[in-house]
Amino acid sequence: QVVESGGGLVQTGESLRLSCAASGINLRFATMGWYRQGPGKEREFVAQITTNGTTYYADSMKGRFTISRDNAKNTVYLQMNSLKPDDTAVYYCRCLSFDVWGQGTQVTVSS
């Protein structure tokens, strides 16, 4: 399983770092991703990191969000900077290699 943490309430322009800790899965050998679902919206792709460290981002997150991994801690991170109210959503971690989803963590950005 994967478990997200680090969500919360911040103001426009502030930063948050989300964590995704895995158990029963060695993230060293897994492609991992972050997705989000805003109020009244469909779930959308945010970022992805492959086993060799290659990263991909949705266009609207490029330059503001950074996905990374710490294999020693078996954890994937999403650093989110310059947050906007449109970034308000439940953020989900996904292990794409085994199609395992976390329960999500709420991020709320106030204006």
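Biologist: Which side chains of strand β11 point to one face and are buried?

Modeller: First, a word on the source: this is a predicted model, where local features need pLDDT of at least 70, side-chain atom pairs count only at pLDDT 80 or more, and totals for chains, interfaces and linings use all residues. Residues are numbered from 1 along each chain as its sequence is written, and side-chain values use heavy atoms, with hydrogens and water left out. Side chains alternate along β11, residues 105-110 (helices, H or I, of at least four residues and strands, E, of at least two are DSSP runs numbered from the N terminus; buried means under 20% relative accessible area, exposed over 50%, partly exposed in between, with a 1.4 Å probe and protein chains only).

Biologist: In which sense do strand β2 and β11 pair?

Modeller: Two strands pair if DSSP finds at least two bridges between them. Strand β2 covers residues 8-11 and has four bridges with β11, and Gln11 stands opposite Ser110 in β11. The sense of this pairing is parallel.

Biologist: Which residue in β11 does Tyr91 stand opposite?

Modeller: Here the partner strand is β9, which pairs with β11 in the antiparallel sense over three bridges. Opposite Tyr91 stands Thr105.

Biologist: Is Arg36 buried or exposed?

Modeller: Arg36 lies in strand β4, residues 32-37. Its relative accessibility is 7%, so Arg36 counts as buried.

Biologist: With which residue does Arg36 form a salt bridge?

Modeller: Side chains of opposite charge can pair when their charged atoms come close. A salt bridge is a side-chain nitrogen of Lys or Arg within 4 Å of a carboxyl oxygen of Asp or Glu. For Arg36, the closest N and O atoms of the pair are 2.6 Å apart, and the partner is Glu44.

Biologist: How many residues apart are Asp87 and Arg64?

Modeller: Asp87 and Arg64 form a salt bridge, with the closest N and O atoms 2.8 Å apart. This pair links distant parts of the chain: Asp87 is in the loop between β8 (75-80) and β9 (89-95), Arg64 is in the loop between β6 (55-57) and β7 (65-70), and the separation is 23 residues.

Biologist: How many salt bridges does a search of the whole structure find?

Modeller: Another of them joins the side chains of Arg94 and Asp99 at 3.0 Å, N to O. Salt bridges that share partners join Arg36, Glu44, Arg64 and Asp87 into one network. For the whole structure, the search finds five.
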